[in-house]
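This briefing covers a ligand site and a chain-chain interface. Please have the sequence and the model open while reading.

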Amino acid sequence: MLPTNTHILYPEFDYHAPTTLYEVTELLAQYGDSARVMAGGTDLLVQMKMERRQPSQVISLMHVNALQGISQNGSLDIGATTSIQEIHRRLPQLYALAEACNGFSSIQIMYMATLGGNLCNASPASDSAPPLLTYDARVTLKSKTAERVLPLERFFLGPGKTAMQPDELLAQISIPAPLPHSGSAFIKISRVVADISQVCAAARLTREGNTIRDARIALGSVAPTPVRAAGAERDLIGETFSPALAEKIGKQAAQEISPISDVRATREYRQQVAAVIVRDALLRAWERAQ
Amino acid sequence: MSYQILGNDYFRKDGIGKVTGREVYASDVTLPRMWHARVLRSPHAHARIKSIDARAAQELGAVVLTYADVPHLKYNERIVSIPPHLYRDRTVLADKARHVGEAVAAVAAPTEQLAEKALRALQVEWEILPHYTDPLAAQRADAEPIHDSYILNGQEIPVENNVAVTRVVQVGDIEEGFAQADHIFEREFVTSRIYHAQMETKSCVCDPAPDGSITVYPTTQSIHNVRQLLGEIFSIPLHKVNVKRVAIGGTFGSSIQMNSIIPICVALALKAKRPVKLVSTREEDMYDHVRYQTKLKLKIGVTREGKITAGHMQALADIGGHNIQAYALLSVLAGWTASLYNYPNLKFEGKAVYTNKTPSCALQGFGNPQATFAAESLMDEIATELDWDPIEFKLKNYVGLGGTFWGQGPSVQSIVRSDGVPQLLHDGAQKIGWRARPKPGTQTGRYRHGIGMARGFHTSGAGAPKPGEVIDYSGAFIKINEDGSVDIVHAMMDHGGGTLEAIAKIVAEELGVPIERVGISPADTLTTVYDVVTHATRGVYAGGGAAHKAAVKVKQQIFDYASRILGLQADSLMIEPDYELMQGVIYCPNFPERRITLGALAKQLQVNSWGTLAAVESLRQVNCPPAYVTYFIDLTVDTETGQVTTNRAAIGSDCGTVVNPAMAIGQLEGGLSKGMGYALVEDNQWDAQTGQLTSKGFWIDGKTPAISEAPFVENIITHFANTYEPSGPFGAKGIGEAATNPCAAAYANALYNALDIRFTELPITAEKILSALAAQDERASRASDYLENKVVAVMQAAE
Amino acid sequence: MDKKTIHLTLNGEAREWRVYPNELLLNTLREQEFLTGTKYGCGIGECGACTVHVNGAPRLACLTLALACEGADILTIEGLARDGKLDAVQEAFLGQSAFQCGFCTSDMIMMTRALLNENPQPTETQVRDYLRGNLCRCTGYASIVRAALDAAEMERQETA
Ligand SMILES: Cc1cc2nc3c(=O)[nH]c(=O)nc-3n(C[C@H](O)[C@H](O)[C@H](O)COP(=O)(O)OP(=O)(O)OC[C@H]3O[C@@H](n4cnc5c(N)ncnc54)[C@H](O)[C@@H]3O)c2cc1C
Ligand code: FES
Ligand code: FES
């Protein structure tokens with residue numbers, strides 16, 4: 001039979017709607033691998049419809065207030081179930097992240113989708129991951145008995161794979177307070193506007209006069225996980241910024257990645273365009289780092 | 001010409017239903033005791049079914065159908081062609097899967113959940129056969145036959161080398177024509193296999209009655225053709241087959257034919273003895289139909305003076321697993337080619353080949369977007385190479401006023417009697433700034449700007465003086481109610497473009513009744529007379545023509561009876577709408593006091609037991625006038641990402657009298673969106689290994705343009721020609737399909753203007769643009785080869 | 001898998017639903033409430049046909065579990081006209097003939113309504129941005145933009 005997306009959600013499961021974090025972790029501890037938490041459901045329900053995932057227990061996170069919202073405690077702490085729409089609206093000064101959130105395919109998806117879901121789904125095409133990588137974001141993972149904090153870079157292991165254990169959940173994403181004179185930008189290339197990316201890139205620059213003090217570059221849809229272009233970053237730090245440098249670094253970043261060809265784009269196209277958008281993101285980030 | 005009603009905009013009659021969510025589409029129909037159906041579709045591109053074990057599914061309480069349970073009559077689903085040209089190669093359920101997604105079994109159960117469960121319980125044993133996604137591979141001598149034979153005119157005809165049909169059409173002698181040419185140009189154009197992407201997936205509800213009759217609510221463009229085919233397949237006399245008109249959520253040609261799920265739904269309902277509903281999922285729908293993918297080799301000879309001497313087109317159509325209308329496709333490909341330009345000598349050689357992919361059918365334009373892409377691209381190139389303004393070159397060579405126009409292939413010909421092309425080209429050029437367009441090859445830098453133009457048309461229907469290979473007539477029944485309001489009973493389907501609205505206006509205009517008092521009756525096949533199908537841009541011209549003919553008859557009755565009551569000669573009477581009374585008023589200009597409202601007249605007829613004012617008429621138009629369209633596209637290319645932005649578009653239409661201005665504009669704006677999608681982004685690929693869609697049923701991978709791809713509102717400029725079609729109702733002809741036909745060529749020509757590169761393969765994606773730019777750079781850097789390679793076309797001086 | 005009972009408000013009326021955990025809001029609306037104005041287009045979030053408002057925000061009913069609507073306030077196209085009077089957005093779509101087949105009309109109207117609730121005077125760019133996930137194969141979108149801007153203008157004049 002042709003596995004096909006139907007009108008209905010065929011797989012059967014039990015549904016839980018806990019209201020506290022503790023209850024969630026307890027359910028996870030109890031059901032382990034057979035359970036799946038659901039935030040906005042925009043990835044999970046599609047995967048269940050296509051039968052790529054078949055949890056027997058679905059645990060909704062949307063009634064857990066502790067997972068919701070944005071707060072400043074030195075770092076910027078974003079609850080895992082905060083919607084993409086809310087992040088876009090509330091954090092315009094985090095240019096790259098706000099641009100990435102606004103680049104989501106549709107307004108409906110922006111309202112429904114959560115930041116935690118976008119990361120936990122671990123798609124190479126996640127739009128929020130490259131900006132968060134450039135901000136050195138950390139993720140807080142919780143289980144019934146423990147809590148640990150990981151740099152986001154170490155969170156992604158492969159397409160659909162993260163460092164989370166079956167009994168863990170992502171509770172919070174933290175962004176360290178930005179250094180002064182920093183600016184960031186995000187650029188996404190897709191076949192039509194309302195689409196996931198063929199390639200996307202984020203850049204963050206911190207300047208001291210005309211010198212680049214700190215730099216981050218991250219790309220999406222070019223590797224099994226969202227990735228940083230570490231070599232290109234290193235070659236920026238300490239240099240005097242110029243458009244020619246941005247051009248050179250764009251090309252260098254494109255050389256650091258080795259994308260594949262798929263339905264959305266060929267390897268060659270991804271590589272060629274990566275150089276362009278990394279350069280443009282650097283130019284924009286620099287302008288914003290006043 | 002001035003009209004009371006035509007040319008004005010009113011709230012659409014179907015508007016309230018549509019803006020309140022109350023319009024009923026096939027997928028919305030729910031009946032008591034109704035069960036839900038699901039279809040088992042082949043995961044294999046080519047496989048014989050050895051056995052299907054349905055016991056487990058039946059034990060779940062489902063009704064199951066397999067090939068063994070359905071009539072084995074081979075049918076062709078598009079009975080628009082006359083019977084001798086119907087290539088019958090399919091049955092209600094297949095005994096062999098010829099493409100991924102082919103229906104091989106079906107189930108019905110009380111809920112969709114249970115139906116799905118039953119579907120999964122079916123055990124199919126397959127014998128996998130070699131499959132072909134490439135038409136060249138399918139034609140190899142040792143290729144596995146996709147069909148052993150088909151039925152044509154009652155005869156079983158063997159299929160050789162998987163070639164479904166070929167057709168050659170000749171006018172004059174091309175050898176001689178090319179010998180007269182000073183220049184010969186030749187290029188091969190490749191078009192893509194796009195999906196219709198109509199918003200509603202194809203759906204059907206069938207309600208069987210104990211007396212053996214059935215009532216069917218299908219997604220279709222022709223209720224009468226569905227009825228006749230169902231009657232034939234299931235051996236039910238037609239008076240027991242009632243097909244109801246329900247709103248269609250878009251079809252764009254995909255339901256000209258009786259679509260494949262309708263007979264499956266009927267068979268299930270007959271077996272279950274209760275209403276059954278079958279709604280395709282999006283993925284199933286994507287495996288059901290696409291636009292014809294073609295390879296078109298076009299060769300044109302021209303004299304030094306810019307006169308065309310000969311044309312030669314070789315067409316290869318990759319039709320997929322079934323022959324829905326390939327014979328007709330080859331006919332119209334020849335016809336569109338012959339009607340675009342005057343070729344004193346023309347040869348068309350067409351071949352349609354089966355492959356193990358989704359079957360192809362008409363998609364807005366039926367071969368015309370393909371043929372026009374090729375012709376208008378090459379003509380632009382010829383004009384440029386010969387140093388002509390492409391507009392002047394067109395005007396010198398196109399088929400216009402007085403020319404012979406092939407509406408739907410060689411058998412449907414008539415003389416062009418209205419032609420707005422010169423005006424449209426002139427106006428469009430002015431609106432877009434044609435004379436100020438860049439010179440190709442002069443721009444450098446990241447963003448490059450280009451303007452391109454193309455002209456095309458579609459036929460208004462398939463009527464002609466002689467009966468042709470295509471059935472084309474409409475019928476209408478009009479009656480005056482006892483309060484003076486009017487009922488129009490017409491079998492025509494409205495795609496949403498406002499065809500029925502236009503028909504109501506034509507009737508209101510003729511009868512002199514306010515449009516608010518003209519109603520469009522619900523229609524079904526029991527109560528309407530035959531209408532062939534809403535396709536071929538024939539709605540207003542042919543369907544409106546039939547209604548007009550009936551209205552003229554009714555008007556005569558009105559005057560005859562009014563003359564008795566008013567004591568005046570019938571010939572002296574007039575009728576006009578009176579908006580205070582909301583009535584038509586019959587009067588004589590010489591005796592203004594002798595007047596009677598249409599309502600009073602109709603009531604008097606009833607009181608006197610004289611009868612009802614009513615008429616029923618059928619009409620075959622004896623022409624098929626071209627609905628011309630011109631496109632001017634202004635775009636910008638980002639040469640670093642290959643992305644293209646449409647800045648402005650000027651779209652001109654010659655649809656004769658503009659009956660529905662807002663809706664005519666809507667047709668052009670919609671045509672731009674679909675044409676742009678075809679030109680730049682839309683595509684579908686089949687995995688050669690598995691025969692499956694690489695999109696895996698994700699719509700976005702077909703890349704239907706959304707609002708972000710459209711130009712800003714004020715940058716879509718629409719304009720109309722001032723023409724009057726003598727054979728049309730109040731001078732009207734068509735617009736629908738014409739609205740998109742030349743669009744892709746206009747984009748290709750604009751890209752040439754911006755980049756100095758000719759693109760001959762659709763869609764012209766960002767990736768193709770980048771690689772073409774890279775190749776151009778490489779050529780430029782190899783300076784010694786430069787001259788030789790710059791002219792990409794094979795351009796040679798003829799002997 | 002058992003049915004569960006939930007309570008919610010639908011188009012201003014209190015409702016009690018008994019639904020399975022795997023039931024989608026879209027199907028409950030269409031098959032249990034017979035509110036067929038909300039459409040199935042793709043079932044996986046790609047077309048916008050199933051757009052409704054849940055607690056004031058636009059949401060895709062094809063990717064929403066019915067059970068997740070416990071306590072929610074849901075508005076569908078059928079609930080938009082109040083006391084027999086069309087909403088300004090409906091009025092504007094009618095006036096601009098901003099539909100052809102009409103299959104996307106419910107979702108376009110619901111999206112436009114959500115936009116105007118958030119931003120009563122949107123620019124054309126903002127309209128385009130907000131409607132970007134809603135497909136229409138017929139109109140080419142221009143008439144829809146005109147209708148959205150018209151509706152905003154109608155409401156501005158009403159409140160002025
Ligand atoms: C039509 C459409 C368009 C889309 N467009 C884009 C786009 O443009 N850009 C983009 O990046 N994405 C896009 N997506 C993907 C998706 O919307 C995002 O990835 C979204 O952010 C997922 O969030 P969610 O809350 O809906 O996740 P869910 O579907 O609820 O969850 C996703 C996965 O993460 C797990 N999960 C969720 N939250 C947690 C948590 N707190 N702890 C542990 N595990 C968790 C779930 O178990 C599940 O496996 C699109 C999806 C659709 C259907
Ligand atoms: S049906 Fe929900 S987005 Fe298409
Ligand atoms: S009006 Fe037909 S899809 Fe929008």
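This is a predicted model: local features need pLDDT of at least 70, side-chain atom pairs count only at pLDDT 80 or more; totals for chains, interfaces and linings use all residues.

Which side chain has an N or O atom 2.6 Å from an oxygen atom of ligand 1? The side chain of Thr42(A) does.

- Besides the side chain of Thr42(A), which sits 2.6 Å from a ligand oxygen, the backbone of Leu44(A) places an N or O atom 2.7 Å from an oxygen atom of ligand 1.
- A nitrogen atom of ligand 1 has a backbone N or O atom of Leu170(A) at 2.8 Å.
- The protein buries 94% of the 970 Å² that ligand 1 exposes when taken alone.

**Shell around ligand 1**

- In chain A, the elements that contribute two or more residues to the shell are β2 (35-38), α6 (115-120) and β10 (169-175).
- Ligand 1 is located between chains A and C.
- The surroundings comprise 32 residues, of which Val37(A), Gly40(A), Thr42(A), Asp43(A) and Thr114(A) are the closest.
- By class, the shell consists of 17 nonpolar, 10 polar and 5 charged residues.

**Extent of the interface of chain B and chain C**

- Chain B brings 59 residues to the contact and chain C brings 46 residues.
- Together the two chains bury about 4300 Å², with 59% of that area on carbon and sulfur atoms.
- On chain B, the three residues Val19(B), Met199(B) and Ile707(B) account for 19% of the area buried against chain C, more than any other three residues.

**Polar and charged pairs across the interface**

- The rule identifies 4 salt bridges between chain B and chain C.
- A salt bridge joins Asp28(B) to Arg30(C), and their closest N and O atoms are 2.9 Å apart.
- Polar contacts link 26 residue pairs between chain B and chain C, counting pairs with both residues at pLDDT 80 or more.

**Elements and residue classes on the chain B side**

- Elements of chain B that each supply at least two residues to the side touching chain C are α1 (15-19) and α16 (661-681).
- With 9 residues, α16(B) gives the most to that side.
- The side of chain B that touches chain C is made up of 24 nonpolar, 23 polar and 12 charged residues.

Technical notes: Residues are numbered from 1 along each chain as its sequence is written. Chains are lettered from A and ligands numbered from 1 in the order in which they are written. Side-chain values use heavy atoms; hydrogens and water are left out. A residue is near a molecule or strand if one of its heavy atoms lies within 4 Å of it. A polar contact is a pair of N or O atoms within 3.5 Å; within protein, one must be able to donate a hydrogen and the other to accept it, and residues adjacent in sequence count only if both atoms are side-chain atoms. Accessible areas come from the Shrake-Rupley method with a 1.4 Å probe; for residues, only the protein chains shown count as cover. Helices (H or I, at least four residues) and strands (E, at least two) are DSSP runs, numbered from the N terminus. Ala, Val, Leu, Ile, Met, Phe, Trp, Tyr, Cys and Pro count as nonpolar, Asp, Glu, Lys and Arg as charged, and the others, Gly among them, as polar. Contact means heavy atoms within 4.5 Å. Buried area is the accessible area (1.4 Å probe) that two parts lose on being put together, summed over both. A salt bridge is a side-chain nitrogen of Lys or Arg within 4 Å of a carboxyl oxygen of Asp or Glu.
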